[in-house]
Amino acid sequence: MLPATGFIVAVTAERRANELATILERQGAKVILAPAIRIVPVVDDEELFLATKALLDEPPEILFASTGIGFRGWMEAAGGWGIADQLTTMLGGVRILVRGPKAKGAVRGAGLREEWSPESESCAEVLNKLLQEDLVGVRIAVQLHGSSLPEFIEPLRQQGAIVVELSPYRWLPPLDTAPLRRLVNMVVNYQVDAVTFTSAPAALMFLQMAEDEGVLPALI
């Protein structure tokens, strides 16, 4: 008998959901797909374009790449604007910190090299490393992961850093919320054995749906 035989497992991811589902099914689980979020690229976003141009005009000393999809999306957007070569050349002279292996792979895929990556793959460890340095007047570019990072950015600014925020994509609710709505009610009624989350925004959206359905107290 396979390890997950008899278990019902929900997958809330949008990206690579089928891959995760296949892995679970191979272990014997019955899988329910209920995307909690969707990723929206912002190739045509004026704010991202202006932030990128500002970095080209005044390069940062440090770049923090938080996600692989975000870094690749940024480079693809730069290609659409006709400034990808300029951006890559500029980043070649910048200290690059990455959060984990996916961001590292994206950076290296662009022909660049990271200076450091935390073993924990957490933003908190990156922040702690940066706060050990003298940041007064230091220009830091932060590639966001779909939402704002005030807990990361504000401490840097408080230490005197000049932070430029980059948002290559954003998290939004799924176009069809019915599967997530059904999942929330299944969880409350003990009809699911486990729910998988691959990002914090997905977990937050799941809880928001539970609140909208009026079952949040029962869920927690």
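This is a predicted model: local features need pLDDT of at least 70, side-chain atom pairs count only at pLDDT 80 or more; totals for chains, interfaces and linings use all residues.
Local features need pLDDT of at least 70 and side-chain atom pairs count only at pLDDT 80 or more, while totals for chains, interfaces and linings use all residues. Residues are numbered from 1 along each chain as its sequence is written, and side-chain values use heavy atoms, with hydrogens and water left out.

Q: Why is α8 called roughly perpendicular to α9?
A: The axes of α8 (residues 178–188) and α9 (residues 200–212) cross at roughly 75°. Angles of 65 to 115 degrees count as roughly perpendicular, under 35 as roughly parallel, over 145 as roughly antiparallel and the rest as oblique, so α8 is roughly perpendicular to α9.

Q: Why does the pair E114 and R108 count as a salt bridge?
A: The closest N and O atoms of E114 and R108 are 2.6 Å apart. A salt bridge needs a side-chain nitrogen of Lys or Arg within 4 Å of a carboxyl oxygen of Asp or Glu, so the pair qualifies.

Q: Is E114 buried or exposed?
A: E114 has a relative accessible area of 16%. Buried means under 20%, exposed over 50% and partly exposed in between (1.4 Å probe, protein chains only), so E114 is buried.

Q: Why is R108 called partly exposed?
A: R108 has a relative accessible area of 37%, so it is partly exposed.

Methods
Axes are lines fitted to C-alpha atoms, for helices over the stretch in contact, and angles run from 0 to 180 degrees between N-to-C directions. Helices (H or I, at least four residues) and strands (E, at least two) are DSSP runs, numbered from the N terminus.
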